[in-house]
Every structure is written in C-alpha cells, then in structure tokens.
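Student: I have a new structure open and would like to learn how to read it. Could you walk me through it?

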Amino acid sequence: MPDIISDISYQELHPTILYCSRVHDSRLAHYHSHKCIEIAFVLAGTGQYFVDGVTYDVKQGDLLICNPGVMHQSIVTDPNDPTLEFVCGFTDIHLHDMPDNTIALPDNSPILVLSSENKREISRCCYEIIEEYNSLQPGRYYMIQAQMMRMLVIIFRSLCGNKTNGFEGVNFESYSKGYVVKNILNYLNENYSQHISLDQIAKNMYLSPVYISKIFKEKTGDSPINYLIHVRLEKAKEMLEDGKGSIRSIATMVGYEDVYHFSKLFKKHFGVSPMYYRKKSMEDEEI
C-alpha cells in the first residue's frame, strides 16, 4: 500500500486550496504572479495568455499552469467570445521528479496538451468544484480538495503519457453517462432562451452528437431536442398565464425567432394555440 500511495508524490497528496473561482471576461486582469501554483482551465471561448514575456493563444479545453513566480496575464482577444475559465490556486504538493510546489511542463510551455478524454475529466472536476463551492454545504473544502487531488492525478498521468504502470483501471462508464446527462439537463434548463444545437452541446462536452443522443435517451427516455422543446413550451405557458408580453415577444424569450413555428409547436404540445391559451387563462382568473 505505501508504494501505491507514493507512486506520484513524495508525500501524501493533500494540496492546500487557497482560492478557486469561475472567471468570465478577464479584460481587467493585470500582469502578475503568485507564491502558489495557479491553474486556469478554459471552459469556453478563446483568448490569449501573456506568460513570462511570451503570448500564447488559448481556447476551450486548454489547461494553463503557472508555477510560483511566473508572471502571467489573461488577454481578451474577442469581446464577443471571451474566455470562461476555472482558476484555482494551491500549494503543498511535491510530485515525483519535480521541484517542491511545482508542476514542470515539457519545453517550459505553460499549456498542458490534453487528450479529449482528459479534457472531459478536467472539465468535470472544474464544474464539480464550482458547484461545491457555491453550495455552502458543511465540508465543502474537503470535497473541493478531493476534486483537486483527482485533477492533479489526471495532470500527472498526462505528463507521463497516460502510463498505467500495471494497475488495472476502474470502469466509470455508468457514472460518466449519468454525469454527462445531468450536465446536459442543467445546460438546457439554464440556456433554453438561447440558440442551442446538438452539435454545440456535443462540442462543449467533447463528445459526439450521436453518443450524446444515445445516452440522453437511454437515461431520460427522450432526445435532447425534444426535452428542450418541452422546457421552452412550459416556460412559454407560464408567461402566457402571467398575461404579460406579446405572443411574439414570448416566443423570442423562450428561444424561437419564428412566431409561427412557435405557435405550431405550442398547439401540437398543448392542443390549443398560444392566443387561445392566454385568453382561457385570463377567463379562468376572472371566474
């Protein structure tokens, strides 16, 4: 057991988390350094990082690692598509064949090249940490620390070329499917008013559209697009019951630019037109 515990670190892997946050549109960031390790994972968007005098392009799925004393600055290159980043500062680690409190990358580049699978795993850790941080639940620090330990193992394995060293892997397929579907449901419920496509969801999850459709239907009994339609129409029904806004404006607010298409979907789903449903709702209130 001791050999297994110390197979990536000279000490037990218990990083001290100093800060973590989700950063969007970092145009106010200044050129600075830290006394700890800071990692930044690009969750969405494109931009640049200026690190020790060199400019690097970054995009969704890139992992940037700045060791203590490394000067860096996030730069917004497109105000319409700024980066959304997960940023975390931590200390008290000593990985094998690396200086204390340092994650040494090949060629002194600050960006770690990750496989699609590892991008997905790192992304999962980031969102889990964000969710735990916002939960305000007792013991959240330890839950965040556990996810950071998982992230550090993924980083170390990436640096080692994903060698298994003879240990048999664990099958997380069922957990992964549930996690993916949960995130898709959250995304659809939170962004129903935006233009959403299956390809866009697949790109955000680093998965194929076919695979996403398959596991979503397997877990929910419906397709992602049909679920999105259901969410939008239920929201529209609530707005119609409130009696505020035109049919056209409500259609726009739930993600439909074509009011005729919206009306057809609404009637197919509820059996009556949006106009009739509003009128009926108003009459019921008067009674």
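**Reading the fold**

Tutor: Let's start with the surface: the protein chain has an accessible surface of about 16,300 Å², and 52% of that belongs to carbon and sulfur atoms. Accessible areas come from the Shrake-Rupley method with a 1.4 Å probe, and for residues only the protein chains shown count as cover. This is a predicted model, where local features need pLDDT of at least 70, side-chain atom pairs count only at pLDDT 80 or more, and totals for chains, interfaces and linings use all residues. Residues are numbered from 1 along each chain as its sequence is written, and side-chain values use heavy atoms, with hydrogens and water left out.

Student: What share of the residues of the protein chain count as buried?

Tutor: First the term: buried means under 20% relative accessible area, exposed means over 50%, and partly exposed is in between (1.4 Å probe, protein chains only). Here 41% of the 287 residues of the protein chain count as buried.

Student: How many helices and strands does the protein chain have?

Tutor: Helices (H or I, at least four residues) and strands (E, at least two) are DSSP runs, numbered from the N terminus. In this protein chain there are 10 helices and eight strands.

Student: How do I read a sheet?

Tutor: Strands of a sheet pair through backbone hydrogen bonds, either parallel or antiparallel. Two strands count as paired if DSSP finds at least two bridges between them.

Student: Which strands pair with β2?

Tutor: Strand β2 (residues 37-44) pairs with strand β7 (residues 84-91) in the antiparallel sense over seven bridges. In that pairing, I39 stands opposite C88 in β7, and A44 has L84 as its bridge partner. β2 also runs antiparallel to β5, joined by four bridges, with A40 opposite L64 in β5. As for cover, seven of the eight residues of β2 are buried.

Student: What about contacts between residues 24 or more positions apart?

Tutor: Such pairs account for 72% of the contacts in the protein chain with a separation of 6 or more.

Student: What is the order of the open sheet of three strands?

Tutor: The order is β4-β3-β6, again with antiparallel pairing. β4 (54-59) and β6 (72-75) stand at the edges with a single partner strand each, so one side of each has no neighbour in the sheet. On average, neighbouring strands of this sheet are turned by 25° against each other, direction ignored. Strand β3 (residues 46-51) pairs with β6 over four antiparallel bridges, and Q48 has I75 as its partner in β6.

Student: What is there to see in the loop between β3 and β4?

Tutor: D52 lies in that loop, and D52 has a positive phi of about 45° although it is not a glycine. D52 counts as partly exposed, at 47% relative accessibility. G53 is in that loop too, also partly exposed at 48%. The C-alpha atoms of G53 and H72 are 8.3 Å apart, although 19 residues separate them along the chain.

Student: Where is D97, and is D97 buried or exposed?

Tutor: D97 sits in the loop between β7 and β8 and is exposed, with a relative accessible area of 72%. D97 has a positive phi of about 60° and is not a glycine.

Student: How many disulfides does the structure hold?

Tutor: A disulfide is a covalent bond between the sulfur atoms of two cysteines. The cut-off is a pair of cysteine sulfur atoms within 2.5 Å. The structure holds zero disulfides. For C126, the nearest cysteine sulfur is that of C125, 6.9 Å away. C126 is buried, at 0% relative accessibility.

Terms used. Contact means heavy atoms within 4.5 Å. Axes are lines fitted to C-alpha atoms, for helices over the stretch in contact, and angles run from 0 to 180 degrees between N-to-C directions.
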